[in-house]
Amino acid sequence: MKILGIESSCDEMGASVYDTKKGLCSNELFSQIDLHRAYGGVVPEIASRSHMEKIIPIVESALHKAGVMLSDIDVFAVTTKPGLPGSLMIGLSFAKSLAYSENKKLIGVNHLEGHIFSACIGQDIPFPFLCLTASGGHTSLYLVKGYGDFELIADTLDDAAGEAFDKIAYILELPYPGGKEIEKCAKAVDYEDFYKYTRGKKDSLDFSFSGLKTGVLYHMQKNGWYDVIKKKLNKPSEQEFLFIRNQIASSLLVCVKDIFLMKLALALKKHSNIAAIAFVGGVSCNLYLQKELRNFCEFKKISFFVPRNFTLCTDNAGMIAFVGHYKAQQEQYDDLLLSIF
Ligand code: KG4
Ligand code: ZN
């Protein structure tokens with residue numbers, strides 16, 4: 001069976017072909033980061049317009065890379081929620097049209113379910129596992145018991161981890177998206193914890209990052225660094241500017257790492273028989289966080305998994321096609337009334 005996956009929930013247009021015998025055959029992506037960078041975040045109208053332009057070439061490219069024709073596809077799997085309504089509607093309308101015109105099956109996929117199983121593509125993760133999903137829109141912990149069988153055990157009460165990176169990067173005058181830039185700055189000062197920002201509540205599984213964001217801002221303002229970084233001071237030396245910025249970024253990243261480890265340790269105490277931990281979503285591209293989580297798992301004597309490449313960490317259609325394939329095996333099809341609501 002061949003599944004074409006389509007993902008357009010935010011600022012990435014993705015199409016992918018998953019073959020139940022061969023696995024992932026293509027995973028094409030057009031990222032709109034360059035279109036949104038000037039605004040410091042995603043502009044919904046720009047995202048929708050770009051999706052309309054890119055959806056046909058990206059789907060064609062996914063079919064071509066997989067060496068298949070549109071008529072070879074058995075199932076069209078598409079992200080239906082959560083996401084930007086305009087962006088979602090474009091992917092869903094297109095997938096519905098293809099399913100109708102080709103007289104093939106249609107499956108709606110929840111974007112978060114896609115992320116949860118993104119680490120299962122091409123590798124066998126033992127169940128039950130804990131999945132830490134950290135992206136620009138979500139930071140959650142799931143208890144995953146089987147394909148399509150998972151339970152939300154912790155969520156963010158406010159900002160997501162990636163969102164905190166992006167917002168603090170903006171304060172630090174670093175380009176959007178901020179996570180990768182923060183990682184670079186932290187690496188330059190060996191991931192040292194200079195300022196020991198507050199780690200938050202130890203006894204709750206839920207995440208909260210908005211206090212951390214405000215804490216960093218107040219800390220900068222109190223020391224006059226906000227003005228240094230925003231270059232409002234008369235003569236901030238280039239070195240002083242870069243050093244302070246690296247120190248803040250590094251302290252922030254170490255703090256987020258500690259929060260992740262604290263929550264994972266608590267989740268392991270609350271849930272027995274956990275066989276593995278998976279770390280997914282855009283933030284899982286961070287090699288420092290990957291290394292620290294891997295060390296933690298080694299210490300706890302459980303397996304650790306991240307998606308097999310960076311494309312599978314961030315928003316992509318491969319994960320949507322993958323969920324589509326096991327839903328198809330369970331015959332969980334949708335009809336043409338499928339909606340984004
Ligand atoms: O999963 P994703 O591509 O899109 C959403 O569903 O949000 O995640 C994007 C997020 C952004 O907030 C970005 O700053 C963060 O992932 N990110 C990173 C890194 N690369 C991307 N965060 C930390 N370190 C990175 N290397
Ligand atoms: Zn996502």
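This is a predicted model: local features need pLDDT of at least 70, side-chain atom pairs count only at pLDDT 80 or more; totals for chains, interfaces and linings use all residues.
Local features need pLDDT of at least 70 and side-chain atom pairs count only at pLDDT 80 or more, while totals for chains, interfaces and linings use all residues. Residues are numbered from 1 along each chain as its sequence is written, and side-chain values use heavy atoms, with hydrogens and water left out.

**View 1. The shell around ligand 1.** Ligand 1 is surrounded by 20 residues, each with a heavy atom within 4 Å of the ligand. The closest are G136, D166, G179, E183 and N286. The shell divides into 4 nonpolar, 12 polar and 4 charged residues; Gly counts as polar, and Asp, Glu, Lys and Arg as charged.

**View 2. Polar contacts of ligand 1.** A polar contact is a pair of N or O atoms within 3.5 Å. A polar side-chain atom of D166 lies 2.7 Å from an oxygen atom of ligand 1. From G179, a backbone N or O atom lies 3.0 Å from an oxygen atom of the ligand. In E183, a polar side-chain atom is 2.8 Å from a nitrogen atom of ligand 1. Taken alone, ligand 1 exposes 550 Å², of which the protein buries 88% (Shrake-Rupley method, 1.4 Å probe).

**View 3. Helix α5 and its end.** Helices are DSSP runs (H or I) of at least four residues, numbered from the N terminus. In α5, the residues A161, G162, A164, F165, I168, A169 and I171 are buried, that is, under 20% relative accessible area with a 1.4 Å probe and protein chains only. After α5 comes E173, whose phi is positive, near 60°.

Note on methods
Chains are lettered from A and ligands numbered from 1 in the order in which they are written. A polar contact is a pair of N or O atoms within 3.5 Å; within protein, one must be able to donate a hydrogen and the other to accept it, and residues adjacent in sequence count only if both atoms are side-chain atoms. Buried means under 20% relative accessible area, exposed over 50%, partly exposed in between (1.4 Å probe, protein chains only). Helices (H or I, at least four residues) and strands (E, at least two) are DSSP runs, numbered from the N terminus.
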